[in-house]
Amino acid sequence: MVGFWSLLRDGRRYWVAMLGLAAIGTGSALFHGTLLRFAQAADELPMLGVGLACVWALVRDASPAWVGDRLAHVLGLFGAGFVVAYATVPWAFALFVGVYGVMIAWVALQTARLTWLAPSSPEMKRSALAMLLSFGTAFFVFWLGEHVYLPCDHPLQALQPHSYWHVLGALGTVAWWRWERASRGCGRGTWWAVSRRPCRSTS
């Protein structure tokens, strides 16, 4: 629902990412309703795809055009290789958690660095803060709460903390794409060096 809502609200620029977000919700409902292996893939693989889109957008916006084109091919090959590995190794969930966690952590750190260590617009700061709070709460409170802090038979598990993880993850993803849209008004330099050029509002 969040993906479709954002697709209608923010226009067609990010339609692939927003449809991917909608696919995550559909796959998650299918997986948690059936607990089948193919349904788990329908839940987790779209998450990887949206994460790769975030990585590509971060690098593309701060690099020459040919870098973005090449990176799209590299990330596409990486995604295809991941799907093959995911379908064949017995530790697919651990592989997914590791790759997705590193990817989202890098996106979050880059977003924070490019927002608060360089000139940025109020919209960028609002969107970045919303993204960091959403993902931080989703991971440190609900995901770790479900998988690490609480045993499976703990009464608080009846509150379905995993569902809150999905809702906050969706909201954080939308907030990041709003940040990416707002950041197009700022010269961000290269993806490894913080820009100091002025910003202009894109709202």
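This is a predicted model: local features need pLDDT of at least 70, side-chain atom pairs count only at pLDDT 80 or more; totals for chains, interfaces and linings use all residues.
**Exercise 1.** Find which side chain meets Glu180 in a salt bridge, and work out which parts of the chain this pair ties together.

*Solution.* Start with the criterion: a salt bridge is a side-chain nitrogen of Lys or Arg within 4 Å of a carboxyl oxygen of Asp or Glu. By this test the partner of Glu180 is Arg60, at 3.2 Å from N to O.

Residues are numbered from 1 along each chain as its sequence is written, and side-chain values use heavy atoms, with hydrogens and water left out.

**Exercise 2.** Decide for Glu180 and for Arg60: buried, partly exposed or exposed?

*Solution.* Take the cut-offs on relative accessible area: buried is under 20%, exposed is over 50%, and partly exposed is in between (1.4 Å probe, protein chains only). Glu180 has 0% and is buried. Arg60, at 22%, is partly exposed.

**Exercise 3.** The structure holds two salt bridges; describe the one formed by Arg181.

*Solution.* The side chain of Arg181 meets that of Glu123, with 3.5 Å from N to O. Arg181 sits in helix α7 and Glu123 in helix α6 (residues 122-149), so this pair links parts 58 residues apart in sequence. For accessibility, Arg181 is partly exposed at 24%, whereas Glu123 is buried at 10%.

**Exercise 4.** Classify the aromatic pair of Phe139 and Trp143, then the pair of Trp176 and Trp179.

*Solution.* Rings of Phe, Tyr and Trp (its six-membered ring) pair if their centres lie within 6.5 Å; planes under 30 degrees apart are stacked, over 60 edge-to-face, and the rest tilted. A search of the whole structure gives seven such pairs. Among them, Phe139 and Trp143 are stacked, with 5.8 Å centre to centre and 15° between the planes. Both lie in helix α6, four residues apart, about one turn of the helix. Phe139 is partly exposed at 34%, while Trp143 is buried at 17%. Now for Trp176 and Trp179: their centres are 5.8 Å apart and their planes at 35°, so this pair is tilted. Trp176 and Trp179 both lie in helix α7, three residues apart, and both are buried.

Technical notes: Helices (H or I, at least four residues) and strands (E, at least two) are DSSP runs, numbered from the N terminus.
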